[in-house]
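Open the model in your viewer and keep the selection tool at hand. Each stop below names what to select and then says what is there.

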Amino acid sequence: MLLPQATQTADLPHAFPRDGATQLIDNDRVTVWEATWAKGRPTPMHRHRYDMVGIELSDATVKVTTLEGVVTNTSQRVGHAGFSRKGLTHMLEGTSDVPRHMIIIDLKDVIVPPLANTSGYPDAFPREAVKKLIDNERVTVWDYSWTPGKPTVTHFHGKDVVVVYLGNGDLSSTTPDGKTTVNSYTFGQTRFNPRDRTHSELLTRGSQRVIAVELK
């Protein structure tokens, strides 16, 4: 006899950990995974236990099968960001020669109000030339690319943020007291940056684009 669907769903594993997924970050706010879906290798049926944000790192296709057996084929592009609620239940199988490749941010069940901005500088976002991709009660997701030779205005980060880099280049960060640090970032690199930071940034080598996930 088949179990009630609610019971079946409750018994399903979380999406991670699994083969093809590596944990990058784990703290009191998020767990971040880098995952791939190879062609012809379906995942087990699983239930996502957290709200999540996913950022695509490849142009790829994937087959999605729900618990009820409904099949959907989707196409993804580098830089696309999506938000899903906890409880999402499915199995996934790559269908393109290039594996689907993503950063998945599991949002833990904690809400942290932003810091009041008393810095005298504008908030980090929005800013010139930025695109807002997602905005809800859990996150705001931004897509931003630096222009060579053009520094950002000095700004204040009042929210924790997960940053996924989609370029290969160096960024200099200068604080209001004039201290400058240069960091090199590569495609797919992901960082958790805590709130309460004030700086300006300048692209000094290569090209750089980020998907910035501000946590609420």
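**Before starting**

This is a predicted model, in which local features need pLDDT of at least 70 and side-chain atom pairs count only at pLDDT 80 or more, while totals for chains, interfaces and linings use all residues. Residues are numbered from 1 along each chain as its sequence is written, and side-chain values use heavy atoms, with hydrogens and water left out.

**Stop 1: the whole chain**

Select everything and colour by secondary structure. The chain has 1 helix and 18 strands. Helices (H or I, at least four residues) and strands (E, at least two) are DSSP runs, numbered from the N terminus. The radius of gyration is 19 Å, close to the 17 Å that the globule rule gives for 216 residues, so the chain is as compact as a globular protein of that length. This radius is taken over C-alpha atoms, and the globule rule is 2.2 Å times the number of residues to the power 0.38. Along its principal axes, the C-alpha trace spans about 70 × 35 × 25 Å.

Of the 216 residues, 44% count as buried; buried means under 20% relative accessible area, exposed over 50%, and partly exposed in between (1.4 Å probe, protein chains only). Contact means heavy atoms within 4.5 Å. Among contacts between residues at least 6 apart in sequence, 77% join residues at least 24 apart.

**Stop 2: the sheet of 4 strands**

Select β3, β8, β5 and β6. In that order they form an open sheet with antiparallel pairing. Two strands pair if DSSP finds at least two bridges between them. The edges are β3 (46–47) and β6 (71–76), each of which pairs on one side only. β5 (residues 60–66) is joined to β6 by 6 bridges, in the antiparallel sense. To see one of these, pick T61, whose bridge partner in β6 is S75.

**Stop 3: A35**

Now select A35, in strand β2 (residues 30–37). How large is its relative accessible area? A35 has a value of 0% and is buried. Leaving aside residues up to four places away in sequence, A35 touches F16, R18, G20, A21, R100, H101 and M102. One of these, R100, lies over the face of W37, at 5.3 Å from the ring centre. A charge sits over a ring if NZ of Lys or CZ of Arg is within 6 Å of the ring centre and within 35 degrees of the ring normal. For a sense of distance, draw a line from A35 to V130: they are 95 residues apart in sequence and 27 Å apart in space, C-alpha to C-alpha.

**Stop 4: the sheet of 5 strands**

Select β10, β11, β18, β13 and β16, which form an open antiparallel sheet in that order. Its edge strands are β10 (131–135) and β16 (190–193), each pairing on one side only. The twist averages 20° from one strand to the next; the axes are lines fitted to C-alpha atoms, for helices over the stretch in contact, and angles run from 0 to 180 degrees between N-to-C directions.

Start at β10. A hairpin joins β10 to β11 through 3 residues, and 4 bridges join β10 to the antiparallel β11 (residues 139–145). I134 has V141 as its bridge partner in β11. Move on to β13 (residues 161–165), which 5 bridges join to β18 (residues 209–215), again antiparallel. There V161 has E214 as its bridge partner.

**Stop 5: aromatic pairs**

Show the ring side chains. The structure holds 4 aromatic pairs. Rings of Phe, Tyr and Trp (its six-membered ring) pair if their centres lie within 6.5 Å; planes under 30 degrees apart count as stacked, over 60 as edge-to-face and the rest as tilted. F125 and W142 are stacked, 5.3 Å centre to centre with 15° between the planes. F125 lies in the loop between β9 (100–107) and β10 and W142 in β11, so the pair ties together parts that are 17 residues apart in sequence. F125 is buried at 10% relative accessible area, and W142 is buried at 6%.

Next select Y165 and Y185. Their ring centres are 3.9 Å apart and their planes at 5°, so this pair is stacked. Y165 is in β13 and Y185 in β15 (residues 180–185), 20 residues apart. Y165 is buried at 5%, and Y185 at 8%.

**Stop 6: R127**

End at R127, in the loop between β9 and β10. Which ring does R127 lie over? R127 lies over the face of Y144, at 4.6 Å from the ring centre. R127 is buried, with a relative accessible area of 15%. Beyond residues up to four places away in sequence, R127 touches Y144, W146, T152, H155 and E201.
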